[in-house]
Amino acid sequence: MHNLQKIIQVAWSENNVLTKTLLIISSLLILFSLIMIILNIINQNYSKKIINEIEGMNNSLEIIADFDSTYPGKWMHYIKDKSTTSDIENSLKLIDFDNYAIKENKDLIEIEGQVENIVQLTNAIQLLYNNHGLLIHTFTLNVVDSLNIYTLKLIY
């Protein structure tokens, strides 16, 4: 080992300044190349992680788009609190929907009443869906002498 060190020192001292400069620059370039290779490997791992996260977000956005195409605007109601029966009654008063009784039973909101025109009922159902996110669970309709008696059970 001692002899090898002596040989390197002799060879080093015999070389001229240009050779020494070239050796130092080439050694620095090799070191710089190794650093770049390591950084490139780290960057590829980070890029793969970012690509996976972007793909996950795209999948989530596709699911939301599919859901929103089937139930337009419904997803917005999941970020809000559930509506109370008083909120629902206030909404129905705005469209002059009356002659009904409303009660809450676990997850279901039950509305019973009568209407003269079925369009009034469809308008109320549309309002409850769009403003409160309520979906029809069950619906029964009886017609007696041009009077529509209904029972409407809604769920979130």
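Buried residues make up 17% of the 156 residues in this protein, which is presented here as a predicted model. Its secondary structure comes to four helices and four strands, and along the sequence these elements follow the pattern α-α-α-β-β-α-β-β. Of the contacts in the protein with a separation of 6 or more, 52% are accounted for by residues 24 or more positions apart.

**The sheet**

The four strands form an open sheet in the order β1-β2-β4-β3, with antiparallel pairing. Its edge strands are β1 (100-105) and β3, each of which pairs on one side only. Direction ignored, neighbouring strands of this sheet are turned by 10 degrees against each other on average. In general, strands of a sheet pair through backbone hydrogen bonds, either parallel or antiparallel. Two of the pairings in this sheet are set out below, each with one of its bridges.

| Strand pair | Bridges | Direction | A bridge in the pair |
|---|---|---|---|
| β1 and β2 | six | antiparallel | N105 with L108 |
| β3 and β4 | nine | antiparallel | F139 with L152 |

The strands β3 and β4 form a hairpin with two residues between them, and D145, which lies in the turn, has a positive phi of about 50 degrees.

**Helix α3 and residue T85**

Helix α3 packs on the sheet, where it touches β1 and β2, and its direction makes about 155 degrees with that of β1. T85 is found in this helix.

**Helix α4**

Helix α4 covers residues 118-132, and its 15 residues reach 21 Å from the first C-alpha to the last, which is close to the 21 Å expected at 1.5 Å a residue. At the N-terminal end, α4 is capped by N117, which has a side-chain oxygen 3.1 Å from the backbone nitrogen of V119. After α4 comes G133, with a positive phi near 75 degrees.

Which residues of α4 are buried? They are L121, A124, I125, L127, L128, Y129 and H132. An α-helix has 3.6 residues a turn, so residues three or four places apart point the same way. The buried residues of α4 pack against α3 (85-94), β2 (108-115), β3 (135-144) and β4 (147-155).

In soluble globular proteins, nonpolar side chains tend to be buried together. In this model the largest nonpolar core has 16 residues, and those with the most contacts inside it are I88, L92, F97, I111, L128 and Y150. The elements giving two or more residues to this core are α3, β2, α4 and β4, and the largest share, five residues, comes from α4.

Leaving aside its neighbours within four places in sequence, F97 is in contact with L92, V115, Q120, L121, A124 and Y150.

Conventions
Residues are numbered from 1 along each chain as its sequence is written. This is a predicted model: local features need pLDDT of at least 70, side-chain atom pairs count only at pLDDT 80 or more; totals for chains, interfaces and linings use all residues. Side-chain values use heavy atoms; hydrogens and water are left out. The expected span of a helix is 1.5 Å times one less than its number of residues. Buried means under 20% relative accessible area, exposed over 50%, partly exposed in between (1.4 Å probe, protein chains only). Contact means heavy atoms within 4.5 Å. A polar contact is a pair of N or O atoms within 3.5 Å; within protein, one must be able to donate a hydrogen and the other to accept it, and residues adjacent in sequence count only if both atoms are side-chain atoms. A nonpolar core is a set of buried Ala, Val, Leu, Ile, Met, Phe, Trp, Tyr and Cys residues joined through side-chain atoms within 4.5 Å. Two strands pair if DSSP finds at least two bridges between them. Axes are lines fitted to C-alpha atoms, for helices over the stretch in contact, and angles run from 0 to 180 degrees between N-to-C directions.
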